[in-house]
Amino acid sequence: MEARSARMLPPPFWAGGPAPGQAYDPCAPGPSTGVLPLTRTLSPMVTGTSVLGAKFDGGVIIAADMLGSYGSLARFRGISRLLKVNDTTMLGASGDYADFQYLAQVIDQMVIDEELLGDGHSYSPKAIHSWLTRVMYNRRSKINPLWNTVVIGGFYNGESFLGYVDMLGVAYEAPTLATGYGAYLAQPLMREVLEKKSSLTQEEARDLIERCMKILYYRDARSFNRYEVAIATEKGVEVEGPLTLEANWDIAHLVR
Amino acid sequence: MGLNGAVMGLGAHLWGSYGSGGTTTIMAAEFDGGVVIGADSSYVANRVTDKLTPIHDRIFCCRSGSAADTQAVAEAVAYQLAFHSVELQEPPRVRTAARLFQQSCYRYREELSAGIIVAGWDPRRGGQVYAVPLGGLLHPQPLAIGGSGSSYVYGFVDASFRPGLSREECTHSALTLALAMSRDGSSGGVVRLATVTAEGVERKVLTGAELEGGEGGAMS
């Protein structure tokens, strides 16, 4: 026994990890506590709710309301959760708004740096999607996620793109997308429409999105009736808003 | 999905024993030509604290949350801003001050408990107000309220404020704080107001006797 305690303890398997022969408490402060800043987003603060996306013939449309919720408080009622990356790509994010602002800052700087290269190339939607997937997955692997679910849309080389990335690094593409409550309430509606008609016109896609936003406003307690819409076509990316949803409460009169 | 569960669990985290903004009510409103800022004065240890901290000649911050955290961040920002102003050879922008707060508050978001409102006047954009709440986002607003007492006056503020108010109309600010203080057990003391314009900073302290609405009005 004396020999063991006199011997130096073996180094931990990885930084801050368990050392053989020692009791391991993952929650106890590790050797690097207080030395480096704790930079993990363990809980989202101001959050955005659903983001919707739909492909149409000749482009893609995404939509998000303009609310930043602080728990149940509708705190910031005029924030934009959509970002125009460049003339071919746009994205919208739900989840922590501070993390989205950070992401937007990083992406904006990337776009500037690319512009400075002056080679005529700019990021394609697929490229941004692929890059963001790596970023989100690597952050999650360090237990320091960007607490967002992101929808990336765009129109590049004559093809529509619509992709999803979340805070775990789960990524996929689909003809319609919805995050948050939209996945339960709006996605079935959008898929039903697309099952009947294999492709939509821009008007039809816009109407579908508006219908879904209205339903989300009725049913999602953390939603708001003011929203923005971003449309990517061969002409470029345009962010429109704020648009207001008109709610119809006539059925209330039927109930006594 | 698990993520939604995590967001719902947010409620328990926020409204737990720490509350969402310490023991404070703070606010800032912009008018044409400057800003009016205000705060209550209560802390556990000091009932006449000053939560309106100058960051530069014409830039203030209203502090809520942990006093230690906000004082530390405010001092760091004041230093950075003083340096920046000397390099620039002109008064710093309010937005720059807000951005400096945001950088610290976002970076150290898991360690800090700081809800800050940055407000002031600069020659480029006049009076401006920026909110930097828990989590470290940055949001410019014509009017911002914060601290635990702010929950009680969201309705009053929504009903009585609109962008484009004059300086006199911004004296509603005192009433906002008085109402919040009378309902929030964690806020209280005196109301500290400051008006920041191109000409300078005018500070006022309003005690209980001078505040109307301090008794809760019709509902006692």
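Predicted model: local features only at pLDDT ≥ 70, side-chain atom pairs only at ≥ 80, totals over all residues.
Helices (H or I, at least four residues) and strands (E, at least two) are DSSP runs numbered from the N terminus, and two strands pair if DSSP finds at least two bridges between them. One of these links has B:I116 with B:V132 in β6(B) as its bridge partner.

Helix α3 (residues 94–107) of chain B packs on the sheet, where it touches β3, β4 (59–65), β5 and β6 of chain B; contact here means heavy atoms within 4.5 Å.

Now for the other chain.

| Pair | Angle |
|---|---|
| α3(B) and β5(B) | about 165° |
| α3(B) and α2(A) (residues 97–117) | roughly 115° |

The axes of α2(A) and α3(B) come within 12 Å.

Who meets whom? From α2(A) come A:A98, A:D99, A:Q101, A:Y102 and A:Q105, and from α3(B) come B:R99, B:Q102 and B:Y106.

A word on reading the model: residues are numbered from 1 along each chain as its sequence is written, and chains are lettered from A in the order in which they are written. Local features need pLDDT of at least 70, side-chain atom pairs count only at pLDDT 80 or more, while totals for chains, interfaces and linings use all residues, and side-chain values use heavy atoms, leaving out hydrogens and water.

Conventions:
Axes fitted to C-alpha atoms, helices over the stretch in contact; angles between N-to-C directions.
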